[in-house]
Amino acid sequence: MARRFVSIVLGLALALAAAVIAFNAWVDPFQHYRKAERFPARFYNAWQRYENPGLAKHWDYDRIVTGSSLMECVIPEDVDRVMGGKTINLSVSAQTAYDAGQLLGAALRTGKPKHIVMNLDYNAFSGAPDRSGFTEPFPRYMYDDALWNDLPYLLGVGTLRKSLEAVLGLKWSRFNTDPERMWYWMEGHQFFAAKAVQGLDPDNLNARFRQPPRTLEGMKASFEANLAPLIEGYPGTRFTFLYAPYAILVWLDFEQRGQLDLTLAFREWVFERTRRYPNVEIFDFHAEPSIVLDLDHFTDIYHYSPRLSQALIQAMHEGRYKLTPEMVRGNNAWLRSVARTKTPRQVIAEALAKPMPESPDGKFFVPPGGFAPPRVN
Amino acid sequence: MLFNSYEFLLVFLPAVILGYFALARLSAWAANAFLAAASVAFYAWWKLDFVWILAASITANYLFGHRLSRDSAAGKNDRAILTLGIVFNLGLLGYFKYADFFIANFNAVTGANASFLRVALPLGISFFTFTQIAYLVDAWKGKAAEYSATNYVLFVTFFPHLLAGPIIHHKEMMPQFADRSLKRVDWENMARGLALFALGLGKKVLIADPLAPWANSGFAHAQSLSFADGWITMLAYTLQLVFDFSGYTDMALGAALMLNIRLPLNFDSPYRSADIQEFWRRWHMTLSRFLRDYVYIPLGGNRGSEARMLVLFVVTFALGGFWHGAAWTYVLWGTLHGVALVVLHFWRKLGHPMPRPLAVLVTFLFVSAALVIFRAPTLDDALAILRSVAGLNGLGLAFTVPEWSWIGRSGVAPAELAQGVLTAAIFAVALVLTFTPRNSNQVAAALDLRMPRTRYAYGFLLALALVFVQNPTEFIYFIF
């Protein structure tokens, strides 16, 4: 009797588990095995670390745009219109260098990407070199081609929920369906100075964003562990790094937390470290006063408008803001000087005093001597 | 390796059970050696680097124990060796677990700026250290003698108890490992062990883990909780902890029983206790036993004056608190339990016993409130939560914590609502189960194996638990 109990309990449990595995493999909600075919593709913002590697493996593209939430709203069509080719946006909220390294590694192994456009966010280099922006264990099994370690994906309840939602047509989870706007979040957001400084504590600018502290050595180690091997391992792929602009308050926050000097040193170090590679270029928008000092471009101190996002692509394509040794030093000097002469209270007061624009959807940006603003659809 | 991982559930455990009983047909020693090797592999799976610490601890304690047993058999009282052995164990634990705590306190008191060691804490070190201290004391007293290195390694590393207890005694384990009649598959034990394991896994992944985000979020918002938030936070953690720890222990007991090994009971419906003394007879019972036998009694126990005994209550529990972690909040938590025992002592003297339901309620609330101090990252956060619970910030029923802010709010997204309602339902079920008359050990022991629906129910439970083993929470970027 006891033996029969064991047989039936184990048999039933394994049979049900096998059914779940088969169902999840058939639906494949995170496109781990194939590009979405049976059901319309769903792009789940909260599951980017699970879904992006599948997109990297199974979608067609020759350029990857990636980075943190700053890059999520870059529209591939806009990039293609300016730069040509076929772009996919594989950005990840709160992306760390480790997240980027794992994702780009999986993508580069496919041989598809010829061009990587990646935002270098200083916060991405904080902590240990294997720190993910995800508090849960990083789903490494989604980043390789091995089948044997896929059980967490195939049997997990997170996958099962998404499979059921796809089959039943439920829209419980948050997701986008437009491949041009997989991770787009800017709808409903307003971009103007008073909004950008909302909720900030001038004595503790980091209180709202809770960014972890960094060390220069830690940042270098993270770069060496996560990005340098890809640059060196794929010399035929062009790596375009950009320092996407922050509002000046971010630099005041760095100064407030004693992170300014090491951040500027890191910028200089990255430039020197990558100079020798012909497949690397860096664009620096951090020291463009007409962006950094004009908070009407922003919805908070980190995130800028879609209009500016498009302008950055255009500017890079035209070779503007490409770093040279003189620029690194000059830009650093400017950032240091501004961060040490302005005060958070002063900047916040000025922002709050600014009238709200009639259309608070971000300002057009024309670089000095610049280009015509890109058309907004 | 964790019990609630696929590698353990689908590979390690079946392979060990099959290998153990297959080898036992050839040789009892081979089976024990296999089990010991598998247990070390189980430990090494987590972090290979720390195997040497386990190995060093086992080697030193085996040698100390060997000497103590031999001397004890010869009628020699070798207190110096015992002291050396205990100092070695406490030194190891002190270095890996408490060094930075002592440095931080040294810096705070002296104003010095000594560097932290930042040593990673080897998993299970508190458990395997206490197990071996108990062994040394027993060997010194002549109650335990182990001359086989294989058996000793197995005693310490036996995988079901290695990472999270129960804290076992040599004398209750070794006869079982030596008993050849236990080296054959016993389907009764296999069935009840499997049932207990399934119940434990279910408690862990279907109840404790889903409650964790609520508890975590409540503690993360400690400084801004309303009255309702405070209660939800406190109870969510109280329930999460008991289902997590007792679930894990059930899995340990169940896995061991499948191998015909009976581990000591560690939880016995602790929240149904009517006073704090009963609570400690039902909660982490093997730790209570250790503290009684190896701390409280050697320090004097009930043998001295009443005042001394009461002081010992507090000291023993403060040490018990410190064992849980290197922070003053743990010490305070333990001390509060010691003080509660003192209060109970005087209450009993008054001769006015409470009605049992009221006594259970009072005990439960005390335990829950003390657990806030146990869990909170700082005393300041703990006091903030307790102030909310006590209504000192007002008696408002605002639900402000993101995980349950959907309550009473309109226009909640379906996914958020579904997740919230599901967790609330789990919360309610956990609360009811906590006070139901039979716990998982009793259920597994009384199981009618002949009933078909029982088999299907356990099969379904196991399958459900397997699916929920991998239950990642959504990544919600805190800005958006």
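**Figure 1. Five strands of chain A line up in an open sheet with the order 2-1-3-4-5.** The model shown here is predicted. Pairing in this sheet is parallel. Look to the edges and you'll find strand 2 (87-89) and strand 5 (280-284) of chain A, each with a single partner strand, so one side of each has no neighbour in the sheet. Going from one strand to the next, the twist averages 15°.

**Figure 2. Helix 11 of chain A packs on the sheet.** This helix covers residues 260-274 and touches strand 4 (238-243) and strand 5 of chain A. Compare directions, and helix 11 makes about 155° with strand 5 of chain A.

**Figure 3. Strand 3 of chain A pairs with strand 1 and with strand 4.** Strand 1 (residues 63-66) and strand 3 (residues 115-119) of chain A run parallel and are joined by four bridges. Zoom in on V65(A) and you'll see its bridge partner in strand 3, V117(A). Towards strand 4 of chain A, strand 3 pairs over five bridges, again in the parallel sense. Here V117(A) has T240(A) as its bridge partner in strand 4. That puts V117(A) in bridges with V65(A) of strand 1 and T240(A) of strand 4.

**Figure 4. Strand 3 of chain A is largely enclosed by the rest of the structure.** Why say so? Because five of its five residues are buried, where buried means under 20% relative accessible area.

**Figure 5. The largest cavity in the model has a volume of about 130 Å³.** The count comes to five cavities of 30 Å³ or more, and this view takes in the largest cavity. Its lining is made up of 15 residues. Nearest the centre of the cavity lie V27(A), D28(A), P29(A), A36(A) and F39(A). Sort the lining by class and you get nine nonpolar residues, five charged and one polar.

Technical notes:
Residues numbered from 1 in each chain as written. Chains lettered and ligands numbered in written order. Predicted model: local features only at pLDDT ≥ 70, side-chain atom pairs only at ≥ 80, totals over all residues. Heavy atoms only, no water. Pairing = 2+ DSSP bridges. Helix = DSSP H or I, 4+ residues; strand = E, 2+ residues; numbered from the N terminus. Axes fitted to C-alpha atoms, helices over the stretch in contact; angles between N-to-C directions. Contact = heavy atoms within 4.5 Å. 1 Å grid on protein atoms, 1.4 Å probe; cavity = no way out; pocket = protein on both sides within 12 Å on 5 of 7 lines; lining within 4 Å. Points joined across faces, edges and corners; volume = space filled by probe spheres on them. Nonpolar A, V, L, I, M, F, W, Y, C, P; charged D, E, K, R; others polar. Buried < 20%, exposed > 50% of the residue type's maximum accessible area, 1.4 Å probe, protein only.
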